Amino acid sequence: MNLQKTLGAVALAALAAPALAAVSADEAKQLGNTLTEFGATKAGNADGSIPAYTGGVTTAPAGFKPGTGKWVDPFKDDKPLFRIDSKNWEKYADKLSDGQKHLLKNNPEYYLDIYPSRRSAAYPEKMLKATVRNATSCKTLRDGIAVDTACRGGLPFPIPKNGLEAMWNQILHYQGDTAITTSASRSWVVDTSGKPTMTSEQSTYTDPVWYQADLTDRDPNMAWRVFSVTKQPARLAGAATGLTDFIDPVATPRKAWSYTPGQRRVRQSPEFSYDTPVASQGGLTLFDELFIVSGKLDRFDYKLAGKKEMYIPYNEYKGSFECPTVEMALKPKYANPDCHRWELHRVWVVEATLKSGMRHAYSKRNYYLDEDMTGAGLYDAFDQNGQLYRSIFNGMVQLYDHKLPWAVRNVIFDFNKNMYGYFNDVNVGGHTIAAKAAPERELNPESIVTRETAR
């Protein structure tokens, strides 16, 4: 009898634990009505400082030249509405992250220029339809750290109900359905003396496999992959690294690899995860905070604290394409405020707390993720004593000719070391968006290394 009770309890637990259900059909009816198809509040806010969503920017402005890898600012005539600085930041404190407040309090010459809010994000119809479908079909597995393969092709959770669903939206935010190649992106670290050092120049290939649902040669469990080939510094030229993440990281853990010209072989690199520092970014970034968040979500508890209005980096065309790095972008203690545009947007707030018994460099993290699902946002991390450790400002630009929000260039501040990093700077290079996805046989590590080293 006791054995039967035990088996019954195990069966009930198995039914209850593995999956979290999608939203109801009635709740999903909000999408395309009071909510956008991707789950943001369609209406503006009460005072009009955040406008209603009207479809984003899909028309190229005058002067844009397709194929150059540079995008002209459609809002170049905008003027700042006001400035937040060390004298008035407390007036706006409820709309600032801890990292922003730290910089404003401790640097009298630092400021945030606040521009009119432009909800420029736009997406292709195919992706929007898949996202609406996902609202009632997509679910998480394995207590939230995996996602069902049935909902590829769109955002998994346009109406997130918990912190893990919101984090999956960030990990799987739309990055197109073909690869983006960055011919040259540079990462810089500015040390305590104010001296900038270029830690790497790389060409990067990003493949958004989650959105390639129509391709039969893709692994349906694959989320995305990226590989980079180092061009500078000279001693590392020709080195390559790659990451592939999966939507069920328990069944298929992250596949990480590296190639060193001196050894002339590809080796697995399982250490490229969690709180391992990223060498190409001077050790200021951890692998699980690339693009604000990446990798397996099993070491923290994630609480969805709702939405709030915050000033986030947005429509960063000037900083991305018009601020030469050494000459303009880098100041001794912070990135040049004149190169950055801040706007008021609603963000999803996710509070992450380190699980009991888990090891990590941080005890707590706060994420502020753009409700228009562009990948843009703010992030604060706290050390084991609860003190502010690092902050990330992740801006976006809308690639209007492709209906593609692109959030890749970011600034990270290490407040323990009094240093900052300026990463994925494309002022010397640019982006190329592939007309079609490459076949799978060309994307294994050996093929990548052979092709890149032959150039």
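In the predicted model, Gln175 has a relative accessible area of 15% and is therefore classed as buried, the limit being under 20%. Gln175 belongs to the loop that runs between helix 5 (163–171) and strand 6 (180–190). When residues up to four places away in sequence are left aside, the contacts of Gln175 are Ile180, Thr206, Pro208, Tyr211, Leu404 and Trp406. One of these contacts, Tyr211, is also a member of an aromatic cluster in which ring pairs link Phe38, Tyr53, Tyr123, Tyr174 and Tyr211.

Aromatic pairing was examined across the structure, which holds 23 aromatic pairs. A pair of aromatic rings is described by the distance of the centres and the angle of the planes. For Trp71 and Phe321, the ring centres are 6.1 Å apart and the planes meet at 40°, so this pair is tilted. Distant parts of the chain are linked by the pair, as 250 residues separate Trp71, in the loop between helix 2 (25–28) and strand 2 (82–84), from Phe321, in helix 6 (residues 317–321). Both partners fall under the 20% limit for burial: Trp71 has a relative accessibility of 5%, and Phe321 has a relative accessible area of 13%.

Arginine side chains are also placed over aromatic faces. Arg299 lies over the face of Tyr274, at 3.5 Å from the ring centre, and Arg365 lies over that of Phe300, at 4.9 Å from the ring centre. Tyr274 is situated in the loop between strand 11 and strand 12 (300–313). Its relative accessible area of 18% is under the 20% limit, so Tyr274 counts as buried. The backbone of Tyr274 takes a positive phi of about 50°, although the residue is not a glycine.

A positive phi in a residue other than glycine is found in Arg264 as well, with a value near 55°. Arg264 occupies the loop between strand 10 (255–260) and strand 11 (265–268). Whereas Tyr274 is buried, Arg264 is exposed, with a relative accessible area of 68%. A further backbone feature is the cis peptide bond between Gln232 and Pro233, for which omega is about 0°. Pro233 is part of the loop between strand 8 (222–232) and strand 9 (240–246).

Strand 10 contains Trp257, which is buried at 8% relative accessibility. Residues up to four places away in sequence not being counted, Trp257 touches Phe227, Ala240, Thr241, Gly242, Val266, Arg267, Gln268, Ser269, Phe272, Pro445, Ile448 and Val449. The C-alpha atom of Trp257 is separated by 23 Å from that of Met198, a residue 59 residues apart from it along the chain.

Helix 4 (residues 125–137) comprises 13 residues. The span from its first C-alpha to its last is 19 Å, close to the 18 Å expected at 1.5 Å a residue. An α-helix has 3.6 residues a turn, so residues three or four places apart point the same way. In helix 4, the buried residues are Met127, Leu128, Ala130, Thr131, Asn134 and Ala135. Viewed down the helix axis, these buried residues fall within an arc of 160°, so they line one face of helix 4. The buried residues of helix 4 pack against helix 2.

Burial is also found in strand 19 (residues 410–414), where five of the five residues are buried, so the strand is largely enclosed by the rest of the structure. In a regular strand the side chains alternate between the two faces of the sheet. In strand 19, Asn410, Ile412 and Asp414 point one way, while Val411 and Phe413 point the other way, and all are buried. Strand 19 pairs with strand 16 (residues 388–394) in the antiparallel sense over five bridges, and Val411 is the bridge partner of Phe393. Five bridges also join strand 19 to strand 20 (residues 419–425), and these two strands run antiparallel. Across this pairing, Phe413 stands opposite Tyr420 in strand 20. Strand 19 and strand 20 form a hairpin with four residues between the strands, in which Asn418 takes a positive phi near 55°.

Conventions:
Residues are numbered from 1 along each chain as its sequence is written. This is a predicted model: local features need pLDDT of at least 70, side-chain atom pairs count only at pLDDT 80 or more; totals for chains, interfaces and linings use all residues. Side-chain values use heavy atoms; hydrogens and water are left out. Rings of Phe, Tyr and Trp (its six-membered ring) pair if their centres lie within 6.5 Å; planes under 30 degrees apart count as stacked, over 60 as edge-to-face and the rest as tilted. Buried means under 20% relative accessible area, exposed over 50%, partly exposed in between (1.4 Å probe, protein chains only). A charge sits over a ring if NZ of Lys or CZ of Arg is within 6 Å of the ring centre and within 35 degrees of the ring normal. The expected span of a helix is 1.5 Å times one less than its number of residues. The arc is that of the directions from the helix axis to the C-beta atoms. Contact means heavy atoms within 4.5 Å. Two strands pair if DSSP finds at least two bridges between them.
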